[in-house]
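Here is a short note for a colleague opening this entry. Please read the points alongside the display.

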Amino acid sequence: MADLTGRLYIDGKWTEGTGSEQLTVINPATEEVIGTCPEASVQDMVEAITAARTAFDEGPWPNTSP
């Protein structure tokens, strides 16, 4: 399987994140470790939430109808 050691995806960009810990990612079907990812810090979460709010408020989502 490909190496899935990754980064955080925030505001359309891959970032290393500012947290100091790494989380192990496990495939729930096989319980096999498939990679790691950074544990998001509060700063990372604020950036992600702010980007999501901006995307919702200023992006195409609020202007589409079902």
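1. Basis. This is a predicted model, where local features need pLDDT of at least 70, side-chain atom pairs count only at pLDDT 80 or more, and totals for chains, interfaces and linings use all residues. Residues are numbered from 1 along each chain as its sequence is written, and side-chain values use heavy atoms, without hydrogens or water.

2. Elements. Helices (H or I, at least four residues) and strands (E, at least two) are DSSP runs, numbered from the N terminus.

3. Surface. The protein chain has 66 residues, and 15% of them count as buried. Buried means under 20% relative accessible area, exposed over 50%, partly exposed in between (1.4 Å probe, protein chains only). The chain exposes about 5,300 Å². Carbon and sulfur atoms supply 57% of that area.

4. Contacts. Take the contacts (heavy atoms within 4.5 Å) with a separation of 6 or more: residues 24 or more positions apart account for 37% of them.

5. Glutamate 32. This residue sits in the loop between β3 (22-26) and β4 (33-38). Glutamate 32 counts as partly exposed because its relative accessibility is 41%. Setting aside residues up to four places away in sequence, glutamate 32 touches Val25, Ile26 and Asn27.

6. Asparagine 27. The loop between β3 and β4 also holds asparagine 27. Beyond its neighbours within four places in sequence, asparagine 27 contacts Glu32 and Ile34. Its side chain reaches the backbone nitrogen of alanine 29 at 2.8 Å.

Notes
Areas by Shrake-Rupley, 256 points an atom, 1.4 Å probe, with all protein chains shown as cover. Polar contact = N/O pair within 3.5 Å; in protein donor to acceptor, adjacent residues only side chain to side chain.
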